[in-house]
Amino acid sequence: MTSSVPRLVIAAPSSGSGKTTVATGLMAAFAARGLTVSPHKVGPDYIDPGYHALATGRVGRNLDAYLCGAELIAPLFLHGAAGCDLAVVEGVMGLYDGASGEGELASTAHVAKLLRAPVVLVVDASAQARSVAALVHGFVSWDPQVRVGGVILNKVGSDRHEAVLREALQSTGVPVLGALRRAAPVGVPSRHLGLVPVAERGSQAVEAVDSMRVLVSQGCDLDALEALARAAGPLPGGSAPWTPGPSPAHHPPTEKVPKARVAVAGGAAFTFSYAEHTELLTAAGAEVVPFDPLRDEELPEGTDGLVIGGGFPEVYAAELSANEPLRKSVARLAERGAPVAAECAGLLYLCRELDGTPMCGVLDAAARMGERLTLGYRDAVAVSDSALAAAGTRMRGHEFHRTVVEPGAGAAPAWGTRAPERRLEGFVQRGVHASYLHTHWASEPGVARRFVERCRTS
């Protein structure tokens, strides 16, 4: 049964311990065994799921209990894991680190409990010996509802070092399911917002994922890890897969609803997108057409609406600016009042300029790289009626950027946020809704339906 899909959560005491290497390597190793592997990532991160997708051949999906609510975690998991033999869930930060000031909410431990999934703890052992036992004991005993089913030792220095670590961990009763040497060439380059996305690395990303597969296959007990995953048991009673569409009764079979053509930006500059957004748009009656602002000189023919998600336009500012025909095409679409939903990178692209380089000029605002990273969850309410949300719509979002837009809000702001301080943010003008806030539409499917309906009627 789908509700009993075997599953593991890969966690760690802290960021930088090797979760992505181990999780991605495990996904690839299980896939190489002929298993159909469902890849998942705790939290809002868009980049790791790209590596997961390379490892498994399936779309990487996020499980964020803050953005979507705890009640949607199991349904979203089941939706992504449909038809799979096994699921691997990569955690976020340290095992018990969640939304600031919200206790366990959105932590890896919280998601593991919601999924009733065993946890494998990845420990950076490079600077410790017997102390590893105290560390693991603390993480195992902190919350008895979190089942830590094994440890993978990362960055082990030698056979002797491994033996000392394994001997110390015998006292904890937690089995060692793997030991990985520290010199393995599996590093993935980083920059100002984390790892460099798959779409920008091409064959190098493929080689990195294969190196992770080899490392994990050689250093981990795959049979024991698979057995642990199969011991997960059923999900909480009543859990059913999330679905992006309304019930069949919503539109009688005889009712013909015209499709709206929605162009969705992609390519190397716009890599941040949740798979459920496209599914929701399609279920709402849209024909979703991807395009690449770095290469395509016109929007897709017949475009009724435009979605521009997150990414790294600051890295590709010169190339985006040089594609003047597309910038003008976007400006014409916005000028006629067509719905445009832009998040973070999309906001920058719609500005007058980015670091002095001309952009689309849809918004009378200038964007530039800043000195400070803006990062965190936000509670938000729609301030102005827009093609995306009616005024008063409440959603939770996430900000993650090192750029600044001046002014930060238009005459009709997109959102009002409460944390870390009360402020108005973003722009609503004609059909445009542009904001720094990343949202997960599965938490409020009405935004996709509203957007597609506006595309039909604008």
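So, a disulfide here is a pair of cysteine sulfur atoms within 2.5 Å, and by that rule the count for this structure comes to 0 disulfides.

Quick housekeeping. This is a predicted model, where local features need pLDDT of at least 70 and side-chain atom pairs count only at pLDDT 80 or more, while totals for chains, interfaces and linings use all residues. Residues are numbered from 1 along each chain as its sequence is written, and side-chain values use heavy atoms, with hydrogens and water left out.

Back to the cysteines. C68 is in no disulfide, and the nearest cysteine sulfur, on C344, is 18 Å away. C68 has 4% relative accessibility, so it counts as buried; buried means under 20% relative accessible area, exposed means over 50%, and partly exposed is in between, using a 1.4 Å probe and protein chains only. C360 isn't in a disulfide either: for that one the nearest cysteine sulfur belongs to C351, at 9.6 Å. C360 is buried too, at 8% relative accessible area.

While I'm on cysteines, have a look at C344. Its phi is near 55 degrees, which is a positive value in a residue other than glycine. C344 sits in the loop between β13 (340-343) and α12 (345-350), and with a relative accessible area of 6% it is buried. On naming, helices (H or I, at least four residues) and strands (E, at least two) are DSSP runs, numbered from the N terminus.

R430 also has a positive phi without being glycine, near 50 degrees. You'll find R430 in the loop between β20 (427-429) and β21 (432-435). Is R430 buried or exposed? Exposed, with a relative accessible area of 58%.

Next, the rings. Rings of Phe, Tyr and Trp (its six-membered ring) pair if their centres lie within 6.5 Å; planes under 30 degrees apart are stacked, over 60 edge-to-face, and the rest tilted. Searching the whole structure gives 7 aromatic pairs. One of them is Y46 with F272, stacked at 4.9 Å centre to centre with 5 degrees between the planes. Y46 is in the loop between β2 (37-42) and α2 (48-56), and F272 is in the loop between β10 (260-265) and α9 (275-283), so this pair ties together parts that are 226 residues apart in sequence. Y46 and F272 are both buried.

Then there's Y66 with Y377, also a stacked pair: 4.3 Å centre to centre, 25 degrees between the planes. Here Y66 comes from the loop between β3 (61-63) and α3 (73-81), Y377 comes from strand β16 (residues 366-382), and the two are 311 residues apart. Y66 is buried at 5% relative accessible area, and Y377 counts as buried at 19%. Going back to Y46 and F272, they belong to one aromatic cluster together with Y274 and F312.

How many residues of α3 are buried? It's 9 of its 9. Those buried residues pack against β1 (7-11), β2, β3, β4 (86-90), α4 and α9, with contact meaning heavy atoms within 4.5 Å. After α3 comes G83, with a positive phi near 80 degrees.

A205, A208, V209, M212, L215, V216 and G219 are buried. They cover an arc of only 120 degrees around the axis, so they are on the same side of α7; the arc is taken from the directions from the helix axis to the C-beta atoms. E207 and Q218, on the other side, are exposed. The buried residues pack against α1 (19-32), α2, β7 (176-181) and α8 (222-230).

Last stop, two prolines. P118 is in the loop between α4 (108-115) and β5 (119-124), and at 1% relative accessibility it counts as buried. Leaving aside neighbours within four places in sequence, P118 is in contact with R7, L8, V9, R147, L228 and A232. As for P407, the peptide bond from E406 to P407 is cis, with omega near 0 degrees. P407 lies in the loop between β17 (394-406) and β18 (415-417).
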